Each structure stands twice: as structure tokens, then as C-alpha cells.
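Hi everyone, thanks for making time.

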Amino acid sequence: MSSKGYIALILFVILGFAGVWRLQERIDVQQRAVETEDDQVMLRSSKLVKGLSLEYAPLVADIYWTRVVQYFGNKHAGQQLDLRLLWPLLDVTSVLDPYLMPVYHFGSMFLSDAAPRGAGRPDLAVELLERGLRANPDEWRLYYDLGFVYYFDMKDYPKASAAFYEGSKNPKAYFWMKTMAARIAAEGGSTETSSFLWQDVYNTTSDPSVKENALTHLQLLRAQEDCKQIDAAAAEYQKQFGRRLATMSDLVLSGLLLGEPVDPLGYPYVLSEAGKAEINSESPLRKKWIKAPASK
Amino acid sequence: MAEPAIDIENLTKDYPYGFLQLKKRRSLESLTMQVQEGEVFGFLGPNGAGKSTTIKLLMRLIFPTAGSARILGKPISDIAMHRDIGYLPEQPYFYDYLTAAELLDYFARFHDFDAAERRERVERMLKRVGLESAGRLQLRKYSKGMLQRVGLAQAILHDPAVVVLDEPMSGLDPVGRREVRDIILELKKHGKTVLFSTHILSDAEMLCDRVGVIVGGKLQGVGAPSELVGLKAQGMEILFELPESAASATGGGELLAQATRTGDRYRLQVEESGLYAAMERLHAAGAKILSVTQVKPSLEEYFMHLVEADRAQAAAVEVRAK
Amino acid sequence: MTRVATVALNTFREAVRDRVLYNLVFFALVMMAAAILVGQISIGIEQIVIVSLGLSAISIIGLLISVFIGVGLVSKEIDKRTLYALLAKPLRRWEFILGKFAGLALTLAVNTAAMAAGLFLALFYVKHSIGRADTAVLVAVYFILLKLALVVALAMLFSCFTTPLLAILFTAGLYIAGLFVHEMRGLQAGMIDPVLGRLLRWISYVLPNFENFDVMGAAAHGRLIPGMLIAQNTIYATLYCAIVLVVAMAIFSQRNLK
């Protein structure tokens with residue numbers, strides 16, 4: 001081919017792809033209008049997908065898992081509350097590859113966490129973890145996750161204790177799980193227990209978003225404790241001076257508190273209308289203060 | 001002189017080979033050759049000499065490294081020129097799901113015939129190559145000889161001025177070869193130019209006006225078959241019979257030693273000058289003279305001589321390279 | 001152009017005589033079984049199952065034909081040397097490529113149309129009516145056909161310069177890559193290295209985006225597909241096919257046959 005021919009060919013290809021690019025952008029707009037959530041899950045029936053995957057089930061599981069991560073990531077970023085599809089995705093993935101640990105670990109976290117962080121379905125998290133335990137009885141970490149869900153999201157202390165206990169039977173498990181089981185059985189929920197568990201998560205995880213989440217929980221627990229102490233001081237004030245606390249500074253002046261009480265982020269606590277201590281509305285911690293769901 | 005039907009000038013072809021395709025093997029070196037209008041030209045050479053390469057270059061199945069060629073005055077890149085040429089590839093293979101009639105019809109569609117003329121030509125061609133009865137049979141059921149005939153038919157279907165045949169007799173039985181020879185001669189009678197390649201020398205001797213001999217990628221000689229080998233006779237050959245009993249008791253012992261023996265028959269080559277002396281001695285020894293013939297050099301010997309020379313040269317090159 | 005048509009029609013004839021169209025029997029059996037089963041078991045989702053299954057089958061069978069026969073279009077002719085006598089005719093090499101493409105495209109069109117008819121029959125059997133919403137299914141089938149044409153073009157391109165096996169792998173690979181363009185864009189947004197990110201973005205636009213042609217969800221739920229998308233996809237497929245075929249023609253025109 002002559003050099004003129006080559007140049008013409010290359011020009012044609014470049015122009016062609018430029019056209020393709022422009023066109024693709026327009027098509028993307030159209031496609032977004034056509035498609036819906038439902039379409040994105042591929043297929044929902046776990047048995048059907050497993051059957052169709054033949055011997056490539058673990059590979060398909062990986063693809064589904066990537067979808068879950070992206071899905072959750074997208075939803076998270078987009079602050080959308082509708083996490084209906086999370087369970088079907090996790091369901092199919094765990095059937096395709098029952099040995100895929102992150103599915104159970106992160107999946108239960110996404111499921112059980114209250115909205116808007118998660119789907120708010122700790123019951124499904126429990127089901128997922130139990131499925132994981134059936135396939136991987138040696139995975140003590142799943143008992144750990146299970147204990148977590150029962151303790152924090154379902155406030156079911158007997159079951160939480162039982163989960164930690166079962167997990168502790170495995171010689172590889174964290175040494176404190178047995179003690180934890182006993183403590184929860186004895187005391188039910190307590191700030192120390194909760195702080196300990198979240199601290200453990202903070203120390204052991206390498207995932208930055210999980211670490212941040214744990215830190216937030218720790219800060220909130222700290223704030224909770226602080227407010228309790230402030231309330232105790234306020235009650236003492238009432239007893240001593242015979243009237244209700246008016247401002248926070250009164251407490252400091254009266255000597256019942258050593259200094260201006262601030263939350264872990266440095267914002268001073270304020271008094272609510274009812275005279276109870278609260279996190280300052282300016283504090284970023286305020287936004288993360290989520291009323292825990294009523295226990296089941 | 002009128003313009004040659006096929007005019008090849010310095011045609012060269014290198015084939016890359018080796019791991020990264022960096023080394024080159026020269027399969028055709030600066031071929032310059034002409035085929036005149038109306039002649040039957042034989043392209044001779046041993047296997048791998050470059051005959052097929054040349055023909056494929058002419059047909060633009062492969063592209064030259066250097067050089068050019070013209071057919072009927074037009075460069076080979078001119079696709080319209082293909083209307084006037086017919087080509088039979090080496091060991092042809094055609095779409096086996098078609099019948100011969102369908103294949104010919106398919107090929108005919110690339111020329112400008114109307115439907116009626118196309119039909120008529122297909123019928124005529126099938127008859128000409130003796131495939132009338134098998135015309136409706138799928139090509140996958142054809143024997144090699146039948147396929148060769150279909151190949152010939154598609155090459156001449158459109159009545160081309162130049163016909164190029166690559167090893168047209170290969171794999172044919174004597175009957176088939178005879179038929180192909182007849183068709184070539186008929187084409188010549190109609191003034192067509194025929195270029196065919198072969199390594200069967202007797203066919204070339206019989207059919208060709210001129211031959212070109214190619215060995216090791218180089219053209220070694222072009223000319224009429226008789227011209228090439230020289231007209232000089234090389235002596236005489238005596239065919240005689242001598243029974244076993246008499247063989248030992250003769251004075252012609254040295255003569256017998258020189259002869260080639262098959263049972264009781266001997267062939268002896270002698271110089272023309274010494275013919276009668278040898279005959280007398282044999283007669284005296286009691287041999288029965290069966291025939292005396294002139295020994296003419298054959299195309300085969302000329303051919304073998306060239307091949308040997310080429311091999312020797314190649315060996316020398318290898319030795320030098322080491 | 002008549003030369004192109006001649007080659008195209010012969011290619012179609014070859015496909016028919018090679019019994020490619022027998023796949024329709026297999027498809028028919030699958031659809032019949034599905035229609036009958038679905039009629040027995042499910043409540044209210046017959047449409048979704050039949051349409052999804054039917055479109056998936058049309059797509060998969062079509063893809064198999066496109067890739068395997070598409071690769072063979074050129075490589076078979078070269079290997080078996082049937083091409084030699086043909087190229088001695090007044091036929092340009094690019095006309096040959098275009099004709100082969102058109103022939104297989106025609107075969108696929110016929111095949112797909114037949115399967116679409118089968119699909120509608122099955123749909124009618126379970127729903128006992130065909131409504132306006134079902135035109136979405138027709139559009140989905142048309143999109144599948146566009147997709148198949150593009151796959152054929154790619155298969156031909158690769159078979160012009162690599163071995164048949166490699167051509168099959170490359171074509172299949174490109175097809176699968178083209179299904180994950182969406183993911184690629186998502187990945188690209190979260191990438192640490194901006195240069196890599198931009199490169200990924202470029203690749204995601206240059207790759208043939210086969211997701212464009214996927215409207216199975218809409219068709220299954222009977223949602224109408226906008227005419228704008230139909231026009232855009234048609235232009236996309238045509239343009240991309242043109243690019244691929246022109247390159248294939250250029251490569252083939254230079255190729256030394258063995």
C-alpha cells in the first residue's frame with residue numbers, strides 16, 4: 001500500500017474512533033434512562049446461577065463480589081438508602097463460592113449496620129454468617145462477626161455470649177473471646193465491652209473505611225460515657241444547690257467538674273432542654289449520633 | 001517484435017523465516033523472462049525451485065520483494081486484466097459443498113456474462129473436460145483427477161487470452177494427462193498463450209514451443225527444448241544379445257565390461273567413429289546385434305546437470321559460511 | 001458491488017449447506033421446553049422468564065456462530081486454498097472481505113429472525129396475547145443482531161493476520177472485555193494513579209462497548225425502548241464495523257498467501 005494509503009487509513013481509523021467516542025457518551029445517557037436497579041443484578045436465583053456457572057462458580061462468585069463492593073461503594077458515595085439488592089447479591093455470591101471469606105465478613109457488616117451506613121438487616125447478617133459457618137466450621141472469625149451482630153445490632157446478649165463462646169473453643173481464636181462470652185452473659189451490654197470490641201476491630205483491620213467506622217464508634221461510646229458522667233455531676237449539683245443546672249459552666253464553677261467538658265473531637269458538650277448532656281450540634285460527631293434501633 | 005503476452009522483469013521474492021522472522025530466504029532471484037503471444041511455454045524446475053512462487057507472484061497471491069511483471073501489456077496490479085487470464089492453481093481444492101456446475105457458475109459470475117451465456121458456457125466446459133455426468137455431484141465426492149479437470153474448466157471458462165497452469169498434470173493417470181495435453185494443444189490452436197509449470201520433462205519436450213529452466217530460484221536457461229540441449233549427438237548405442245556360454249570365451253571382454261547387462265542383453269555405448277569396429281568384434285564373439293541407435297542428450301540430462309551444479313554451489317556457500 | 005453480492009450469496013449458501021441453520025432446531029426445542037415448564041410452575045413472571053431465556057439463547061447461539069464461523073470465513077479459505085482460483089478472477093481483495101462479511105451477516109439475520117419468531121410463539125403460548133409492550137423484545141433482538149455483526153467484523157479482522165485459534169481467543173476476549181466497560185469506568189473513578197486512570201478511561205471508550213446492546217431487562221419487563229437509543233446503537237455498530245472492516249481489508253490486501 002502506498003504511503004498515502006497508509007496515512008488515509010490511519011486518519012480514517014482515528015476519526016472513526018473519535019466518532020465512536022462521542023456517540024458512546026450519548027448512548028450512555030440513553031442507557032441510564034432505560035436501565036433500572038433490577039437489571040443490574042444479573043440473575044437472582046442462586047441455584048440458577050450456580051447451575052449456569054458450571055465449574056466456574058468461584059470465578060463467577062468473584063465477579064458478583066466485585067459487584068457487591070462496587071454497589072455498596074456507589075450507594076455509599078451516593079448516599080442512597082435503598083439497599084434492597086445487597087442481600088440478593090450476597091446470597092448468590094455465598095452460594096457460588098461458600099469459601100469466600102470476605103463475603104461473610106464484610107457482607108454481614110454491610111447488612112447489619114443501621115441505615116444510612118448499611119442495610120439495617122441484622123437478621124440477614126445472621127443468616128449469612130450461619131451459612132458461612134456451615135461451610136467453614138473452622139472459621140472462628142465468623143463466630144466473632146456473629147457475636148458482633150448479636151451484641152451491637154440486635155442487643156441479644158445471650159446469643160452474643162454464646163457466639164463468642166463457640167468461637168473461643170477454636171485454639172486459634174482470640175484469647176479474650178471466652179472471657180468476653182462470660183462478661184456479656186453476666187452483664188449484658190456495657191460501654192467497656194463495646195469499647196473493647198471496637199478497639200479490637202480498630203487495631204486488627206487494614207481496611208481504612210472499617211478503621212474509620214470503628215474509630216467513630218469508639219468516639220461515640222466515649223461521648224456516651226462522658227454524657228453519663230456529666231449527668232451524674234448534674235444530679236449531684238441539683239442535690240447540692242437545690243436547683244437544676246442552667247449552663248455547663250456552672251458545673252465547672254461549682255467545682256464538680258475539673259474543666260470545660262469536650263467531646264473526643266474537641267467540641268464542648270451542651271445541655272439539652274431537658275437538662276441532659278448532649279453532643280454539641282457543631283460537632284461532626286453529632287451527625288453520626290444515631291439512635292440505636294430498638295432491640296428485637 | 002510484438003509485445004510479449006507475459007513480461008517478467010527482475011522479479012525477486014524473499015521469504016522471512018526464523019524466530020522473529022528476521023532472516024530471509026530468497027526463493028526467486030531477479031527473474032527476467034518473456035512469454036510470447038500464442039506460444040506454449042514450459043516452466044521447468046525441480047521441486048522448490050521457484051516455479052510456483054513465480055506463478056503466484058504473477059497472480060498477485062504473493063507480492064514481490066523487487067521487480068515487476070506485465071501481462072498483456074498491463075501491470076499485474078491491474079485487476080481488470082484478470083478478465084483475460086485463466087489460472088489453475090497447484091493441487092487445486094474447491095468448495096466441496098458445491099457441485100461442479102455450481103462452482104463454474106459462481107466463478108463465471110465475476111465476468112460479465114448474462115445468465116443464458118453463463119449457463120451455456122458452463123455446460124460447454126463440463127463437456128470439454130469430460131465431466132458432463134458428474135456435473136451435479138458435489139465436489140467433495142470428486143477424485144483428484146476430476147478436481148484437476150474442474151480446475152482446468154474454471155481456468156478456460158471465460159475464454160482468456162493467457163492461461164497459466166501450475167503443475168496441471170500432477171497426480172493424473174496417463175489418461176488424464178493425455179486429456180490435459182490435448183486441451184493445451186487445442187488452446188494453442190486457438191491462438192491462446194499457455195504458461196505451465198511442471199517437473200515432468202517428457203511433457204515439456206512434447207508440448208512446448210519454448211521452455212524456461214529454473215533451479216534454486218535462478219533462471220538457468222530459456223529456449224526451445226532442442227536448442228537447450230544441443231543438437232550434437234553423443235555417440236551410438238548398440239543393443240545386443242550374448243548367451244552366457246559364449247560370454248566367457250570371447251576376446252571382447254573389455255567391451256562387455258563397459259556394457260550394461262540385463263540377463264542376456266547388453267547395451268553398449270561407443271563413439272561414432274568406433275562403431276563398426278565394435279560391431280565386428282561383437283559379431284566375432286558370437287553376439288546377436290538387436291539394434292543400433294543414436295544417443296541424443298535429453299532434456300533430463302541437461303536438467304540433472306543444472307541441478308547438480310546448483311547443489312554444488314549451495315554446498316560451497318555453506319562451507320564458506322561455516 | 002455485484003461482485004460483493006456474489007461472494008455474499010455464496011457465503012450464505014455455504015452456511016446453509018454446512019448445516020449451520022440446524023442450530024434453530026436446538027433453539028426451538030429449548031424454547032418449547034421452557035414455554036411448557038414455565039406454564040406449569042410460575043405465577044406472573046412467565047414473560048420475564050421466556051423473554052430472558054429466549055434472548056439469552058439467541059445471543060449465545062448467535063455469538064458462537066459469529067465467532068467460530070466468522071474466524072473461519074477467511075482462514076478456511078486460505079488453509080484450504082479455495083481462495084487461490086478466486087483471487088485470479090477480476091475480484092478485488094477488499095470486495096472479497098466485504099462479501100464474506102455480508103454473507104455471514106445475512107446468515108445471522110435469517111437465523112436471528114427465525115429465532116425471534118420462535119420466541120414470540122413461545123411468548124404467545126404462555127401469555128395468550130401479544131401487546132405493544134412486546135415490541136421491546138423485537139428491539140432487543142435487533143440489538144443482538146447489531147452486536148453479532150460487530151463480533152463478526154472483529155473475528156474477520158483477527159483471522160486476517162493470526163491463526164484461527166488466536167483469532168477466536170482475541171475475539172472472545174474483546175467481547176468479554178466489552179461487557180465490563182461499565183465496571184472499568186467505575187474503577188477508573190477510584191484510581192490512585194491519574195495517568196493510569198486516564199488510560200483506563202480511554203480504553204473504556206475505544207473498546208467495543210457491547211453493553212450498549214443489552215436491553216434484556218427492559219424487554220423482559222415490557223418497557224419501551226426509546227427510538228433515540230435505537231438510532232444511536234445502529235450508528236455505533238455501523239461505524240465501528242466500518243472501522244474494523246476497513247482495517248481488515250487493508251491488512252488482507254497486503255497479505256502474502258502461503
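Let's start with a term: I call two residues in contact if their C-beta atoms, placed from the backbone, lie within 7 Å. Some housekeeping too: this is a predicted model, where local features need pLDDT of at least 70, side-chain atom pairs count only at pLDDT 80 or more, and totals for chains, interfaces and linings use all residues. Residues are numbered from 1 along each chain as its sequence is written, while chains are lettered from A and ligands numbered from 1 in the order in which they are written.

So, which pair of chains has the most contacts? Of the 2 pairs that touch, that's chains A and C. There, 22 residues of chain A are in contact with 26 residues of chain C. On chain A's side, α1 (3-34) and α2 (37-40) each supply at least two residues, and α1(A) gives the largest share, 16 residues. When I say helix or strand, I mean a DSSP run, numbered from the N terminus: H or I with at least four residues for helices, E with at least two for strands. That side of chain A splits into 11 nonpolar, 7 polar and 4 charged residues. Here Ala, Val, Leu, Ile, Met, Phe, Trp, Tyr, Cys and Pro count as nonpolar, Asp, Glu, Lys and Arg as charged, and the others, Gly among them, as polar.

Now over to chain B. Chains A and B do not touch, and their nearest C-alpha atoms are 11 Å apart. Chain C does reach chain B: 19 residues of chain C are in contact with 23 residues of chain B. The largest share of chain C's side, 5 residues, comes from α1(C), and that side has 7 nonpolar, 4 polar and 8 charged residues.

P16(B) sits opposite K24(B) in β2(B). The hairpin has 5 residues between the strands, and G18(B) there takes a positive phi near 95°.

Most residues other than glycine have a negative phi. Still, S30(B), in strand β2 of chain B, has a positive phi near 40°. L72(B), in the loop between β4 (66-71) and β5 (74-75) of chain B, has a positive phi near 55°.

Last one: why does L72(B) count as partly exposed? Because it has 19 C-beta neighbours inside 10 Å, and buried takes 20 or more, exposed 12 or fewer, with partly exposed in between, using C-beta atoms placed from the backbone.

Note on methods. Pairing = 2+ DSSP bridges.
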